[in-house]
Amino acid sequence: MIPDDAVERLMDSAQAIGNACEKAGVAEWEIFASQGYGHSLDIEAGKISMASGGGDGGFGIRIVDEGRYGFAHLVDPSSASNAISQALSIARKSPAIEGFELPGNLSATNVGGMKDKAILDMSPEDLLEQGDQVLTRVAELDSRAVAVGGGVGVGAGAGAIVTSSGIEDGGVYTSHGIGIHVSIEENDHLTSSYEGESSRTLLNDLTASVDKAVHWSQITREKIPGGDTEDCPVLMTSGGFSPLFSVVVPSAIKGERLARGESFWSGKMNQQVIADHLSIVDDGLMEGGMSSGSRDDEGVPSRTQSIIESGRLIGELWSTRDAAKLVSEGKVESAQTTGSASRGGHTSPPICGCSDLILSSSSKTHSREKLIEEMEQGYVVHSVMGAHTANPTSGDFSVTTSTILRVEGGEIVGALSQAGFSGNMAKALSGRVVLGDSSKRKGSYSTGSMHVPDVLMMDGLRINPA
Amino acid sequence: MVVATRQSESIHSNGRLLDEDKINRALDNASRLGAEYAEIRLVSQTTNSASLKDGKLERAIPGQEIGITMRILADGAWGVHSTSDIASISEQVEPTLRLAKAVAARRSPSQHSVGLAEVPIIEDVTHWKSLKDVRDTDLDTRIEMMLAIDDEAKDHENIVSTSTGWSDEHIHTELMTTEGMNRVWSFQRSLINGMVTARDGNDVVSYRMRHGGEGGLEVIESCDLGLMGRNARISALRLLKAERAPSGKMPLVADRDLTGVYIHEALGHPCEADLVAAGDSCLEGRLGQMIGSEICTVVDDPTMRGGYGCYPVDDEGVNTRPKNLIVNGVLTEYLNHRETAHRYDLDPNGGARAQDGLHHPLVRMSNTVIQGGTHKDLDELIEDIEFGVYACGSRGGQVDTGRGSFQFAAQEAWIIENGSLSRPVKDVSVSGMTLEILKNVDGLTRDAYLGSPGFCGKGQTVPVGDGGPLMRIREALVG
């Protein structure tokens with residue numbers, strides 16, 4: 001899928017662009033190069049509808065001159081001189097940040113599990129066979145079920161970073177993912193569920209996602225009438241909790257937002273902010289982590305950064321530039337990069353972001369069944385619609401769910417057709433919370449990868465049945 | 001491989017980025033090998049984005065990206081190849097054809113094979129020229145415009161931060177097909193946006209604003225940026241004092257932005273014929289049926305110049321035209337592309353859009369607008385509401401097209417009590433079922449036009465325009 005010398009070729013081109021920077025008299029420069037390849041197939045209406053392949057990539061040039069920075073991106077290295085001129089021109093108009101320099105070359109820990117030869121060796125035909133397996137599994141589980149959408153894909157990418165401060169690093173990563181949207185329509189009554197999973201290594205069991213999608217499409221068919229609006233406990237499965245968590249929490253733990261008063265946790269460093277048995281860690285060194293690696297996207301060695309320990313806010317995330325900028329503006333006394341720079345690709349300069357974010361509990365965790373028993377009365381929510389409309393500044397959310405089960409006397413008694421679901425994430429996590437022991441979801445979002453179990457929140461949430 | 005990218009080989013004296021002779025040979029080869037249809041589409045995007053944080057330049061990103069996608073239809077199935085390496089595309093004909101045939105081989109006799117509706121075969125060049133070409137706009141001008149918002153937005157002690165952003169792009173597309181289509185088109189888009197964050201003790205809120213459309217610098221110049229910043233500040237400060245919204249079923253009045261998002265999510269997506277064909281639309285089989293109130297007429301119109309969702313030619317080379325999705329409550333048209341037009345024996349209506357040169361076209365919306373009604377203004381819409389909500393500004397929405405359920409969220413809102421706006425509330429979201437709530441629309445003001453520009457995600461992200469008049473829904477689920 002990817003040439004053996006892909007990284008070397010990227011490094012050579014990046015170095016050539018760096019040399020052009022030197023020739024142009026650029027004091028500090030950073031060349032970030034990426035190239036991705038992949039195969040994928042689309043599933044629609046119970047069949048494979050399309051197979052595709054290809055790749056793209058390019059280079060991002062960041063230059064720094066006396067604390068002023070400029071950026072440009074390009075695809076064709078032969079146009080580097082124009083891009084360098086553009087970046088220089090922008091730097092001249094940028095504010096000087098005292099103390100801002102590109103990161104130096106520090107040794108980094110190798111992180112394993114980033115690539116899998118089995119993925120690199122996969123052919124488009126192999127992928128089509130996986131698509132066949134997925135469709136066969138749907139039919140086996142429930143003759144009424146149809147895979148109305150989704151797909152399977154594999155990807156391999158090469159990345160490299162070369163800087164004037166001596167960083168020269170690169171590597172290959174792979175990914176394998178499935179998304180499957182199953183619906184069951186019978187007697188004019190349609191239920192559906194979407195499930196997905198991704199991994200740096202070959203997913204051994206693609207049918208696990210299919211099983212979950214069919215299961216949720218089945219168990220939400222037992223409809224009961226919606227009751228009154230109720231403030232009550234809600235058990236969010238990891239699949240339902242993960243997207244909401246990804247919108248609200250990664251934004252709140254950025255050092256810049258905390259320092260500017262833009263986070264609901266601003267001014268609360270070293271204070272209790274969530275339940276005292278909960279901890280949040282951003283692990284940039286997670287083996288096989290979808291957002292991990294030996295270095296961040298500006299070449300700083302990755303680390304495991306504790307953010308909340310036993311409910312107390314003790315850490316935050318910084319990139320090199322944000323740290324220097326907020327110190328120079330007097331918003332914080334001191335700040336240093338936490339190896340938390342990330343990019344959307346070669347077209348973006350590095351910005352601060354989380355990598356593999358983990359929510360855990362020091363208290364005893366429970367199976368989903370036990371959590372339902374413990375809840376006594378309330379709801380189980382498996383997916384939400386509109387997670388992206390949650391407010392990351394305040395933590396407030398007001399979303400809709402159609403995969404919601406009513407719990408009475410510690411048992412599921414039926415499903416609602418639809419309900420509004422609202423609350424405040426920070427407040428809900430600071431109330432009575434119990435975590436599940438279920439396998440943690442690896443949800444990958446633009447804000448990083450979330451590792452969260454089922455979460456039972458007893459306080460501050462409202463269900464508004466349709 | 002990007003390090004072997006050979007784009008510069010393909011820039012020609014006639015301004016074309018595709019080498020027409022070479023592409024024609026590749027397309028001929030595809031036909032010779034058994035393709036029923038093949039197309040090669042190149043998109044070159046010249047982009048500029050910039051942002052300020054608290055009035056200081058945070059970043060400016062100039063970019064030039066090129067992508068090329070080849071689609072081959074063989075034995076009634078698609079194979080696709082996308083790359084940023086233009087020169088390599090000819091080498092991918094055989095592998096892509098094999099992919100298409102492998103997909104076709106898996107189709108059971110009961111499953112539909114892909115066919116394409118016939119369309120006029122056109123060879124032409126269309127350039128929608130902006131009054132002020134985005135490529136001539138310098139960074140100083142962009143900064144000056146963003147500062148016009150920032151200066152007004154930050155002017156209060158409770159405003160803790162401001163962010164402003166800029167994005168413009170020149171999009172150049174070339175499409176060649178085995179049918180002889182050979183079209184070139186280009187156009188531009190410009191956008192400016194901002195966000196204000198306000199804080200009072202532990203209460204923190206934010207308010208976002210956005211203005212943009214098809215065109216160059218004139219799009220931004222047409223906006224009173226100071227007023228935009230001032231309104232954002234006032235709204236953020238008002239949200240600080242707002243209480244949590246009530247929950248339950250109640251009358252809802254939506255402003256233009258929310259009306260647009262509502263009609264985009266609740267109706268537009270289920271009207272996309274690729275979702276209908278996938279068995280994932282609640283509007284399947286409902287063409288010709290009354291699905292909404294008779295005061296509802298909804299148009300999706302990519303030719304509405306200035307709208308953020310405009311485009312001169314769709315990404316299959318089909319001429320664009322307005323599409324009447326609902327006329328007086330009756331579902332009259334799906335949005336389609338050539339594949340779905342063939343499937344349902346409909347006239348192709350130019351609804352194929354791809355995110356860029358590295359993606360294949362899907363059925364997408366453009367500028368989706370509900371037409372005006374008979375009410376004079378907001379006062380007339382709310383005068384007989386005892387208790388309800390007036391919701392303004394969009395924080396986005398989502399739809400489950402198969403089930404027909406949707407959700408959208410407002411930036412700010414007011415309680416309506418006894419025919420008047422009383423107090424502000426926050427965190428209003430609205431949900432419902434497409435086939436129920438469209439029938440509950442019982443009031444529209446006369447003036448309909450596009451609201452703030454938006455972005456629509458469906459695996460790929462495309463710019464869209466949405467809007468309409470102020471709209472009253474008899475009963476909606478709020479909160």
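Predicted model: local features only at pLDDT ≥ 70, side-chain atom pairs only at ≥ 80, totals over all residues.

Trainee: OK, so is Asp76(A) buried or exposed, and why?

Mentor: Asp76(A) counts as buried because it has 21 C-beta neighbours inside 10 Å. Asp76(A) lies in the loop between β3 (68–74) and α2 of chain A; helices (H or I, at least four residues) and strands (E, at least two) are DSSP runs, numbered from the N terminus.

Trainee: Which non-glycine residues have a positive phi?

Mentor: Ala45(A) is one of them, with phi near 50°, and Glu66(A) is another, at about 50°. Ala45(A) is in the loop between β1 and β2 of chain A, and Glu66(A) is in the loop between β2 and β3 of chain A.

Trainee: Switching to helices. What's the reach of α1 in chain A?

Mentor: α1(A) covers residues 6–23, 18 residues in total, and reaches 26 Å from its first C-alpha to its last. That is close to the 26 Å expected at 1.5 Å a residue, where the expected span is 1.5 Å times one less than the number of residues. After α1(A) comes Gly25(A), with a positive phi near 80°.

Trainee: Which residues of α1(A) are buried, and what covers them?

Mentor: Among them are Leu10(A), Met11(A), Ile17(A) and Cys21(A). The cover includes β1 (28–44), β2 (47–65), α2 (80–93), β4 (145–163) and β5 (168–186) of chain A.

Trainee: How many residues are in contact between chains A and B?

Mentor: 67 residues of chain A are in contact with 61 of chain B, and a contact means that the C-beta atoms, placed from the backbone, lie within 7 Å. On the chain A side, β2(A) has the largest share, 11 residues. That side divides into 23 nonpolar, 31 polar and 13 charged residues. For those classes, Ala, Val, Leu, Ile, Met, Phe, Trp, Tyr, Cys and Pro count as nonpolar, Asp, Glu, Lys and Arg as charged, and the others, Gly among them, as polar.

Trainee: What does β2(A) pair with over there?

Mentor: β2(A) and β3(B) run parallel and are joined by six bridges; strands pair if DSSP finds at least two bridges between them. Ser52(A) stands opposite Val80(B) in β3(B).

Trainee: What ipTM does the predictor give the complex?

Mentor: The ipTM is 0.92, and the pTM is 0.93. Chain B has a mean pLDDT of 94, with 97% of its residues at 70 or more; pLDDT is the predictor's confidence in each residue, from 0 to 100. Over residues 1–9 of chain B, though, the pLDDT is below 50.

Trainee: Last topic, domains. How is chain B divided?

Mentor: Chain B has domain 1 (2–241) and domain 2 (243–478), with bounds from an automatic or database domain assignment. Their C-alpha centres are 23 Å apart. Between them, 42 residues of domain 1 of chain B are in contact with 29 of domain 2 of chain B, and β7(B) gives the most to the domain 1 side, with eight residues.

Trainee: And how is chain A divided?

Mentor: Chain A has domain 1 (6–219) and domain 2 (230–316 + 354–465), with C-alpha centres 25 Å apart. There, 26 residues of domain 1 of chain A are in contact with 21 of domain 2 of chain A.

Technical notes
Residues numbered from 1 in each chain as written. Chains lettered and ligands numbered in written order. Contact = placed C-beta atoms within 7 Å. Buried ≥ 20, exposed ≤ 12 C-beta atoms within 10 Å, placed from the backbone.
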